[in-house]
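Me: I'd like to go through the labels on this one and check each against its cut-off. Can you take them one at a time?

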Amino acid sequence: MKHFSFKVVTVIFLFALVIGFQAFANGSSDSDATEDVTINIALANNPLSQALEKIANSKYSAEGVTLNIAVLPENDLRQRLTTEASTGGTTYDMFYIGPYEANNWARNGWLEDLEPYFDALPAEKLAWYDRADLIQGMVGSLSLNGDSYALPFYGESSFIMYNKELFEAKGLSMPDEPTWDEIYELALAINDPANGIVGMTMRGAPGWGMSGAPFVTMVNAFGGRFYDMDWNATVDTPEQRGAWEMYKKILRDAGQQDILSYTYNECIALMQSGKAGIYYDATSIAPPLESAESSIAGKVGYVMPPHQKQKSNTAWLWNWAMGINPKSSEANKEAVFNFMLWATSKDFINMTVEMDPTGASTPPASRSSTYALPAYAKTPYAEMTLKTLESTDFTKPTMEPVPYVGLQYIAIPEFADAGTKMTEYLADYVVDKISLDEAIRKTNDLFNQVAIDGDYR
Amino acid sequence: MNIKRKMRKSGLTIIIFTIAIIYFFPILYMFMSGFKTEAQAVRPALFFMPTLKTFGKVLGDRNMFGYLKNSVIQVSVGTSISLLLGIPAAFALAFGQFRKKETNDRVYLWFITTILLPPVAVIIPLYTSFQKLSLIGTPWGLMIVYVGFHVPIVVWMLHSFFSDMPLEILEAADLDGCSRLKQLVHIAMPLVKTGIIASGLLVAVFIWNEFFLGFNLTGNTTATLPVYMARFREQQGQFIAQLSASSAIAILPAIILGWMTQKSLVKGLTMGAVKG
Amino acid sequence: MKGIMVIKKKSDWPFLLPAMIVVAVMTQIPFLLTIVYSTLRWNLSRPDLRIKFNGFKNYSYFLKIEDIRHIPEFYSILWQTILITVSVLVICTFVGFLLSLLLDHRLPGINIARTLILGPFFVMSTASGVIWKTTILNTTFGWYGVIADFLGFSPVDLISYYPLLVIIFLFVWQWMPFFVLVILAGLQGIPSHLVDSMKIDGVNWYQSTFLIKLPLIRNHMQVAVMLGLIFIIKEFGLILVTTAGGPGTRSYTLPYAVYMQVFNASNVGRAGALATMTVILTLIVVNLLYKSIKKSGAMYE
């Protein structure tokens, strides 16, 4: 009896030591360059990235390299990677980011310059990769002083997707270049809560990269802007107010029930089930709508993104790209570079088209050759995707001049926070927790504060 | 027993069980849904044809196994080290002789106030230093933080257990020339066996379920189950069966452990705390 | 015979020091660093802006009221934190007490009922949050939607429109079992002869429960409330996976706000200020609670 608990504790302790030792032995496998390396990758939870995860886990093999991929909610991913890059961490070897981060991080030295890696490639590999085939607009958004700092995995703009069946049933037709007013009227007409049909679905969940994306393009379309050339905040203007009101109108009068918990994943699920009429989102959302899992495959129409006061350039421009963590070990960086080449190569694209001819797993808008592939060019959305991409100019997002660039975001580091806060105020306003005046005032004050705190003004 | 009493008893039983089942329903439903396929799980339903496919899929997922392993490591090693450090500390605080008499009380109070410390108060320096020292890719960084946060719980619970021990036994041992260490291991520890088990269990459940530190101080290879669970929050309607099966695996050990040991837990908590 | 230990040559510090060192290095020292950071202007995402000493500017960013009509957001977050904490505490204590009374009967299978009610306490908060959000509260795919359909009313998205209610409800669901656990133990620890003598004396239910049993389990109530308070203030995961602090900042608590300051805004200085204020608030609340429990205890003496 006396020694019982002593024995129990000893046993637990020894057990723990054994497990701990095993963990220790397993954990120290990626330090030596001549031994196996494990590269840690985090991807976003959008459909194409999830497809990459599946394909990479089953089809990627490189000698002595183990892939460790985690798929994180997009907001989490951005927060983790940004804090990681800014504190010089080595948790992730590859950074999965967009032009917003790439430009800034390249400047800060938080991304590895890829030119030395390309220079070190043997000639055949360079030819096989065919850098010139990458869509130059995308490449440019990921470069600094002519050097590439990230490779585009897939690119997107935004457009309107609509359920042709529902439109026909109500005898409605979608204009080729609709205005937001027209979209609203159409959404109202389709909206049929008694039969469970939502007129228009849009992202409602806050986050600068979530509801912020469609919302900021709406602001641009209404002729609004966030700063004037002297960095005074210009949120409290009739143009911006128009956008705020339209966003709310659509969601409250003709939108999904659980407004604020809808990320693009939920919107896609709703659209795929045939229960929504119109959907404004990224061009990269079209493939899942045409995939085998979608009940509306083949019945989706695509038109240009809505304009209002500003007649064109009302879409967004984004790509998800892969960069290398400059703080990783040399062996890891090399392994990541090879993985990046594989994932952004023509071989990868061909493989995905073979695997899924609907194009649901094929990264769009990264390479020109993708659109030359017969199978891919036949997809219903290919043409409109290209058209919207060509219509964008991310250096001139608004009608009046502004001191910033970026179509669905403002390319300043503080926007990750300020933009998220803005979408939080927007959410508050949409569900009637605060008035429009209150939301606009808070946003305006916020952006003014940012301009002062960040020494812009 | 007369009719009235019997009716009262039956009525009470029905009420209690209704409340209990409704209270537990979300977890019960989650366990059930783990046995559905995704198609079956989309619409809430109580009756369906069960299948093991989803569990198989989840268990076969290499990543899931990794998170499970990480949680097991954190709990087993973390609890053991917490006990290893906490038991002697509680002992010393209860019986130790220090130069100043108030030391015992002061240090005990210092341990207690640490329990009040919310993890947000330490996350920034911990995160930045972990990044610099590359501790996020190893389980040891997080583990030592867990130990730091849970040793005070062990000390707090065991302190009163130890204080309840009659001094004479230890005095006698002293006279026999028994070393402090021997006193602790051979005499004191067996006497507070319940307390050790209770605090060990409590710490184990806490570490298994801990989220905030695990969320911010881990990477792909070291993430624990609560962190993995949080990733499901944006999967509306798409993977309910998988979510249910994964949750079932994640929470089963803690629930079983908690259930089997409720009595010890209560004894430890109340004995340890009631005496203040 | 001496009533104290014989003083040995060997010191007792080796028993104490390892624990103290680990705890100090992992909790106290980082906290001191956090306080230091709170006085700096340090934005991780702007390495071009030098880290410089900022005095109390980070604190005044949150606290300063320049225009009484527009008070800083910090105060609503503070209010929400207090509201959630106090509501959950009060509900858990009262309803927990009632549930414990119910469970304090010798009925067949009572252990099973108790075990079921206890379950949620052991479930990790992110799992329970995700389960509630996805399978129950969801208006399309969850039981709430199904029941609303059945009863014929249109389900309102609770998470978007009543976030605080949802948070309070979920916190209570998660933590009340703990209160029940402790309070029930107290009730069951009341000597049976006392219970019998109450029956013999013809004491009615109200008197026996509130005037006799309640004071007897005071210590247990105290443990439940103090520990429960600490659990509730710290909770983060449940909020993250359900409302994510939204809509807006309507269901932010102080810990959640700190998290967003660090990982979203990359502003270490401001996050440090928020974290320090959170600790101060925790200490104040715990102190208040402790004092009021002592006071009510004195009443019974």
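**Labels and cut-offs**

Reply: Let's begin with Ile115(B): this residue is buried, with a relative accessible area of 11%. This is a predicted model, where local features need pLDDT of at least 70 and side-chain atom pairs count only at pLDDT 80 or more, while totals for chains, interfaces and linings use all residues. Residues are numbered from 1 along each chain as its sequence is written, chains are lettered from A and ligands numbered from 1 in the order in which they are written, and side-chain values use heavy atoms, with hydrogens and water left out.

Me: Why is Ile115(B) called buried?

Reply: Buried means under 20% relative accessible area, exposed over 50%, and partly exposed in between (1.4 Å probe, protein chains only). Ile115(B) comes in at 11%, so the label is buried.

Me: What does Ile115(B) touch?

Reply: Leaving out residues up to four places away in sequence, Ile115(B) touches Pro152(B), Ile153(B), Trp156(B), Ile230(C) and Lys234(C). Contact here means heavy atoms within 4.5 Å.

Me: What makes Trp105(A) and Trp110(A) an edge-to-face pair?

Reply: A pair of aromatic rings is described by the distance of the centres and the angle of the planes. Rings of Phe, Tyr and Trp (its six-membered ring) pair if their centres lie within 6.5 Å; planes under 30 degrees apart are stacked, over 60 edge-to-face, and the rest tilted. For Trp105(A) and Trp110(A) the centres are 6.2 Å apart and the planes at 65°, so edge-to-face it is. Both Trp105(A) and Trp110(A) are buried too.

Me: How do you know that Trp132(C) and Trp173(C) tie together separate parts of the sequence?

Reply: Trp132(C) sits in helix 5 (residues 125-136) of chain C and Trp173(C) in helix 8 (residues 163-188) of chain C, so the pair links parts that are 41 residues apart in sequence. Helices here are DSSP runs (H or I, at least four residues), numbered from the N terminus. The rings of Trp132(C) and Trp173(C) are 5.4 Å centre to centre with 80° between the planes, an edge-to-face pair.

Me: Why do Glu414(A) and Arg46(C) count as a salt bridge?

Reply: The rule wants a side-chain nitrogen of Lys or Arg within 4 Å of a carboxyl oxygen of Asp or Glu. Glu414(A) and Arg46(C) have 2.4 Å, N to O, so the pair qualifies. Across the interface of chain A and chain C, the rule finds three salt bridges.

Me: How many residues does that contact take from chain A and from chain C?

Reply: It takes 35 residues from chain A and 32 residues from chain C.

Notes: Helix = DSSP H or I, 4+ residues; strand = E, 2+ residues; numbered from the N terminus.
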